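Please open the model in your viewer and keep the selection panel at hand. The stops below go from one contact between chains to the next, and then to a single residue.

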Amino acid sequence: MIDHLEVRTQGKGLHEITGELQRLVAACGLDEGLCTVMVRHTSASLTIQENADLAVQRDLEAWFERNVPEGDPRYTHTSEGPDDMPSHIRAALTSTTLSIPFERGQLALGTWQGIYLWEHRRRGSVRFLTVHVSP
Amino acid sequence: MIDHLEVRTQGKGLHEITGELQRLVAACGLDEGLCTVMVRHTSASLTIQENADLAVQRDLEAWFERNVPEGDPRYTHTSEGPDDMPSHIRAALTSTTLSIPFERGQLALGTWQGIYLWEHRRRGSVRFLTVHVSP
Amino acid sequence: MIDHLEVRTQGKGLHEITGELQRLVAACGLDEGLCTVMVRHTSASLTIQENADLAVQRDLEAWFERNVPEGDPRYTHTSEGPDDMPSHIRAALTSTTLSIPFERGQLALGTWQGIYLWEHRRRGSVRFLTVHVSP
């Protein structure tokens, strides 16, 4: 089964989508299987991360700001703004697609895991995701 | 088919799980298909890496120690120790889930590839993995 | 269904394989499903990236050259040349396997997304990929 998600982001940072994906899995009525989610953009990405302490998200974002800086004068792809080329590098370093097993109708995440869309552009956007669920 | 693995790690570093995954695939009796493994933690991750020279693993670990250092004073998520926040960043930079095709009952790895659980905490732990195998 | 691709690379950089994968998906005759591609090497990797401005590829390559430098004297795995150990680190930081949903027989990529084999060795090589397509 193929389904689609639209996620409105407000700017850089992690946006949890665990609930939306769990609802799509439940709607399939399958007991066990695999759920694959792909983000259809190259300036946003996906990650499975800690869902408890927001300081983790802040520190993740800060590591990327230090190591993949905006406006580095060595970038040559600059026409879309200082946050565009870093967003492509961040996407390469994280994930564009994730496959998560499920059983008893529940995504097999650990207690402290959430699935996140990671927005890398300052302004945010509407982001389109495609989801595939199979037995 | 869903199955589970428990892996006991002794500290930071790569722990090969190719054999365990190959056994789960063989137990399914399928000729070809896809094997997906997910680690249910955010301070350990997965990677497919060289299985021949242990120096590769040492150099991988050293690169991450230099670029995602323990105890960086800029981290704000510090309550679980100096190796905790770097472990989440390492997980974001590597993989939480991997999907490997198989044919003739064998994972389609190259000669020099092994599948590894990467422990990022100093003390190690028992790590839980969920495995999905389908045609 | 399992299939195989061989890709001849000429040296470091991104080599687009979207067309080859789309042809394999079309040949299956399935309306919707999941296409998984795995590179059977540890000195090349996979990424989904921008397919419009070649400057993106140049800047990606340059970021990796700066952050995962060739010939770093701290590498201990050096027998295969100065570009070998960085290639394993680059593979760990990007992807060895990617799963892409498809619908109406078309990979569900965004307008600006392409699927790339990323060669990390200076000389290039023939690279072998395994592809799995299922409903």
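How many salt bridges are there between chain B and chain A? The count is one salt bridge, the term standing for a side-chain nitrogen of Lys or Arg within 4 Å of a carboxyl oxygen of Asp or Glu.

Before selecting anything, note that this is a predicted model, in which local features need pLDDT of at least 70, side-chain atom pairs count only at pLDDT 80 or more, and totals for chains, interfaces and linings use all residues. Residues are numbered from 1 along each chain as its sequence is written, chains are lettered from A and ligands numbered from 1 in the order in which they are written, and side-chain values use heavy atoms, with hydrogens and water left out.

**Stop 1: chain B against chain A**

Select R66(A) and D72(B), which form a salt bridge with their closest N and O atoms 4.0 Å apart. Widening the selection to the whole contact (heavy atoms within 4.5 Å) brings in 30 residues from chain B and 32 residues from chain A. Between chain B and chain A, 14 residue pairs are in polar contact, both residues being at pLDDT 80 or more; a polar contact is a pair of N or O atoms within 3.5 Å, where within protein one must be able to donate a hydrogen and the other to accept it, and residues adjacent in sequence count only if both atoms are side-chain atoms.

On the side of chain B that touches chain A, the elements giving two or more residues are β1 (2–8), β3 (33–39), α3 (84–93), β5 (97–103) and β8 (126–134) of chain B; helices (H or I, at least four residues) and strands (E, at least two) are DSSP runs, numbered from the N terminus. Colour α3(B) separately, as the largest share of that side, six residues, comes from this helix.

The two chains bury about 2500 Å² between them, 58% of it on carbon and sulfur atoms, where buried area is the accessible area (1.4 Å probe) that two parts lose on being put together, summed over both.

**Stop 2: the relation between the copies**

Superpose chain B on chain A: a rotation of 120° with 0.0 Å of shift along its axis does this at an RMSD of 0.0 Å, by least squares on the C-alpha atoms of residues with pLDDT of at least 70 in both. The two copies are therefore related as by a three-fold rotation axis. To find that axis from chain B, select L93(B), whose C-alpha comes closest to the axis of the residues of that chain, at 3.2 Å. Only 13% of the interface residues of chain B are also interface residues in chain A, so the copies meet through different surfaces.

**Stop 3: chain A against chain C**

Here, select R66(C) and D72(A), a salt bridge whose closest N and O atoms are 3.9 Å apart. The contact takes 29 residues from chain A and 32 residues from chain C.

**Stop 4: T36(C)**

Finally, centre the view on T36(C), in strand β3 (residues 33–39) of chain C. At 0% relative accessibility, T36(C) counts as buried (under 20% relative accessible area, with exposed over 50% and partly exposed in between; 1.4 Å probe, protein chains only). Its side chain makes a polar contact with the side chain of S99(C), at 2.8 Å. Leaving out residues up to four places away in sequence, T36(C) touches residues including L34(B), S99(B) and P101(B), as well as L98(C). The C-alpha atoms of T36(C) and L98(C) are separated by 5.5 Å, although the two are 62 residues apart along the chain.
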